[in-house]
Amino acid sequence: MLTNLLDLDRDALVAFCGGLGEKPFRATQLFRWIHQRGVQDFDQMTDLAKSLREKLKDCAYIVAPPVAKEHVSADGTVKWLFDVGRSNAIETVFIPEDDRGTLCVSSQAGCAVGCRFCSTGHQGFSRHLTAGEIVGQLWWAEHALRKRLGSQERVITNVVFMGMGEPMHNYPALVPALRTMLDDHAYGLSRRRVTVSTSGVVPMIDRLAADCPVALAISLHAPGDALRDTLVPLNRKYPLAELMGAARRYLDAAPRDFITFEYCMLDGVNDQPEHARQLIELIHDKRWAGLSCKLNLIPFNPFPQSGLRRSPDAAIAAFAKVLLDAGIVTTVRKTRGDDIDAACGQLAGEVQDRTRVNERMAKLRVSAPQAT
């Protein structure tokens, strides 16, 4: 059985090469060719022994999910639709800024959490992605963008797991993918610049703190259990007291000195001044004393099935002022990629209709890029 080497972090690749009778340094060389240089063809890996290259041809390959379609926004945001087989598609978004390039990656095809305001949640869950399918989004985007820009310099400096899926529900693939992203022989991303967003899978938050701590963002969206139960169904299993306690514990291992709370602003649902005051009480609760956090307010991106509306700008500004006056660091997320349905909460817009996806995949399937 052939092995996709994108599935393997460096330790796993060392073990794989060991099974071929090769020394660990060969795995590191191979890892660099794959991730730093984007090479798929073993014959082009010229500092590997020819005998190893021949062995690899018989037992391994390097393939990211193929791109079915690409959209480029007027603001420079790029969205790719990746085919992951069996009528499943995922979306990945690159957001360029003056001081960084952020890639928003997916961890599942669909999502089982079913948050009311999330387009992916309305799609339902199809399957987990493999580690190679997660890393492959970064592999494709990094080397395709370098080729497009005519540069060998790093393009992607930040990765956020805020695309399709709940990353903590795909933990066995999440951790090796993170380790590859962080590895200096691969992408060399800082732990502070890789963010895992979760709707609140409490046991996995504790595991991530022990296994591979990176920046953490928690999808909060409500100041109390009654409202959060209706917006984030997972809250019924892991209520706010458990979630906030896990956030406080994670802070001890986190590479940043704060946890980010994401809060989607929904008109007349969770955006009133009393909600802001309840949120302050929740954050300042003595049960998780010392919890340092940042609130990221997200203007809702409407889609028909939600039955929800975006909070007016004035309501968002008033909500933020209440939090800021209480000393809570608060930002309002800048909306990007609206014109290509790439903004937060809009992902899965292109993959709702499975019949159209199948037709699109057949017509638009393209091969992975060869970067050198």
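Author: Let's take helix α3, residues 50-59. Among the things covering its buried residues are strands β1 (3-4) and β2 (60-61), along with helices α1 (10-19) and α2 (24-35). Helices (H or I, at least four residues) and strands (E, at least two) are DSSP runs numbered from the N terminus.

Before going on, note that residues are numbered from 1 along each chain as its sequence is written, and that side-chain values use heavy atoms, with hydrogens and water left out. The model is predicted, so to speak: local features need pLDDT of at least 70 and side-chain atom pairs count only at pLDDT 80 or more, while totals for chains, interfaces and linings use all residues.

Which residues of α3 are buried? They are Leu52, Arg53, Leu56 and Cys59, where buried means under 20% relative accessible area, exposed over 50%, and partly exposed in between (1.4 Å probe, protein chains only). Looking down the axis of α3, you find these buried residues within an arc of 135°, so they line one face of the helix; the arc is that of the directions from the helix axis to the C-beta atoms. Lys50 and Asp58, on the other side of α3, are exposed.

Thr180 sits in helix α6 and is buried, with a relative accessible area of 1%. Skipping residues up to four places away in sequence, Thr180 touches Leu8, Asp9, Phe31, His35, Val135, Ala186 and Tyr187; contact means heavy atoms within 4.5 Å. Thr180 also takes part in the packing of α6 (residues 171-182) against α5 (residues 131-149). The two helices meet at an angle of about 35°, with their axes 8 Å apart. Axes here are lines fitted to C-alpha atoms, for helices over the stretch in contact, and angles run from 0 to 180 degrees between N-to-C directions. From α5, the contact uses Ala131, Ile134, Val135 and Leu138, and from α6 it uses Ala173, Leu174, Pro176, Ala177, Thr180 and Met181.

Most residues other than glycine have a negative phi. Arg86, though, has a positive phi near 55°; it is in the loop between β4 (78-83) and β5 (89-96) and counts as exposed at 82% relative accessibility. His221 has a positive phi too, about 70°. His221 is in the loop between β11 (215-219) and α8 (225-231), and at 4% relative accessibility it counts as buried.

Another histidine, His275, belongs to helix α10 (residues 273-283) and is buried at 12% relative accessibility. Apart from neighbours within four places in sequence, His275 is in contact with Pro223, Leu227, Tyr263, Val269, Asn270 and Phe319.

Stepping back, the protein has twelve helices and 14 strands. Its C-alpha atoms fill a box of roughly 70 × 45 × 35 Å along the principal axes. Of the 372 residues, 56% are buried. Among contacts with a separation of 6 or more, 67% come from residues 24 or more positions apart.
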